[in-house]
Amino acid sequence: MPTITTTADSSDGWARNTVALASGDWAATQGDATTTGTGSKFTTPYYHFGVYSIRMAGRGADTYYNARSFYEFDLSGESGTATSATFQSRMDHLGAGSGTEDEVIMVAATALAGSNADYGNVYSSGTTWGTAYSSNTAISTTLGVQTITLNAAAITAINSAIGSGNFVCAMVGHYFDYLGNTPLLADSGNPYTKIRLEFSEAPASFRPILTTTTSVAVTDNATFFGANF
């Protein structure tokens with residue numbers, strides 16, 4: 001089957017929101033579709049906190065931190081019908097815990113602005129998550145290129161983008177962010193999610209890649225064998 005290999009656009013990057021415990025809770029840190037984060041960067045080769053969900057002690061008050069990473073793949077010049085796809089990137093889980101804190105999930109994201117405003121782009125509206133594009137996937141604690149298999153919903157979105165537009169997605173922590181479980185104080189030894197990710201400014205072999213398998217067009221037999229009649 002033919003494959004399409006697409007490197008993430010230079011518009012990829014991360015966005016983070018930080019909320020002091022005295023000012024809000026974990027839900028406020030997660031925000032909604034209108035939430036503008038407190039920090040972001042869309043021109044970086046890598047980031048040790050690309051996906052990050054934690055509660056940390058601070059001066060006067062504990063603080064929640066939550067980060068998400070975003071990717072855009074230009075498929076406007078491609079053709080064919082996607083039948084399967086994978087996302088690959090160089091990753092490393094640097095967090096702590098013996099449960100599922102090492103898991104991430106890919107979700108649909110809206111078009112990127114390349115700013116703090118992208119933080120809430122993982123929601124379709126309000127606090128409704130964008131369509132899940134993968135199952136929850138554990139990230140290894142060994143730095144290396146890892147693969148996330150995309151699901152049927154992602155394939156539908158990819159087919160909509162082939163020949164006409166961009167496939168936009170985000171990677172978020174599954175346990176704390178996607179499922180909404182509140183992280184306890186990490187300084188006391190409690191679990192947290194911390195995923196190192198690389199982006200399009202990284203060396204070529206480490207850049208995020210969307211690999212799409214497409215079906216082969218079937219030629220009508222009458223046309224194919226017509227010259228033999």
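1. Buried here means under 20% relative accessible area, exposed over 50%, and partly exposed in between (1.4 Å probe, protein chains only). By that cut-off Glu198 is buried, and so is Arg196. This is a predicted model, where local features need pLDDT of at least 70, side-chain atom pairs count only at pLDDT 80 or more, and totals for chains, interfaces and linings use all residues. Residues are numbered from 1 along each chain as its sequence is written, and side-chain values use heavy atoms, with hydrogens and water left out.

2. On to the charged pairs. A salt bridge is a side-chain nitrogen of Lys or Arg within 4 Å of a carboxyl oxygen of Asp or Glu, and by this rule the count comes to four. Glu198 takes part in two that I'd look at together: one with Arg196 at 2.6 Å, N to O, and one with Arg90 at 2.7 Å, N to O. The Glu198–Arg90 pair links distant parts of the chain, 108 residues apart, with Glu198 in strand 13 (residues 193–198) and Arg90 in strand 6 (residues 82–93). Helices (H or I, at least four residues) and strands (E, at least two) are DSSP runs, numbered from the N terminus. Arg90 is buried, as is Glu198. Through shared partners, salt bridges join Arg90, Arg196 and Glu198 into one network.

3. Another pair to check is Asp62 with Arg55, whose side chains form a salt bridge at 2.8 Å, N to O. Both Asp62 and Arg55 are buried.

4. Now the nonpolar cores, meaning sets of buried Ala, Val, Leu, Ile, Met, Phe, Trp, Tyr and Cys residues joined through side-chain atoms within 4.5 Å. The largest has 31 residues, and those with the most contacts inside it include Tyr71, Phe87, Ile158 and Phe167. Among the elements that each supply at least two residues are strand 5 (63–74), strand 12 (166–173) and helix 2 (152–161). Helix 2 gives the largest share, five residues. A second, separate core of 14 residues includes Ala15, Ala109, Tyr123 and Trp129.

5. Contact means heavy atoms within 4.5 Å.

6. Last, have a look at Ser69 in strand 5. Ser69 is buried, with a relative accessible area of 0%. The Ser69 side chain reaches the backbone oxygen of Gly50 at 2.8 Å. Beyond its neighbours within four places in sequence, Ser69 is in contact with residues including Gly13, Trp14, Gly50, Cys169, Met171 and Phe199.

How values were computed
A polar contact is a pair of N or O atoms within 3.5 Å; within protein, one must be able to donate a hydrogen and the other to accept it, and residues adjacent in sequence count only if both atoms are side-chain atoms.
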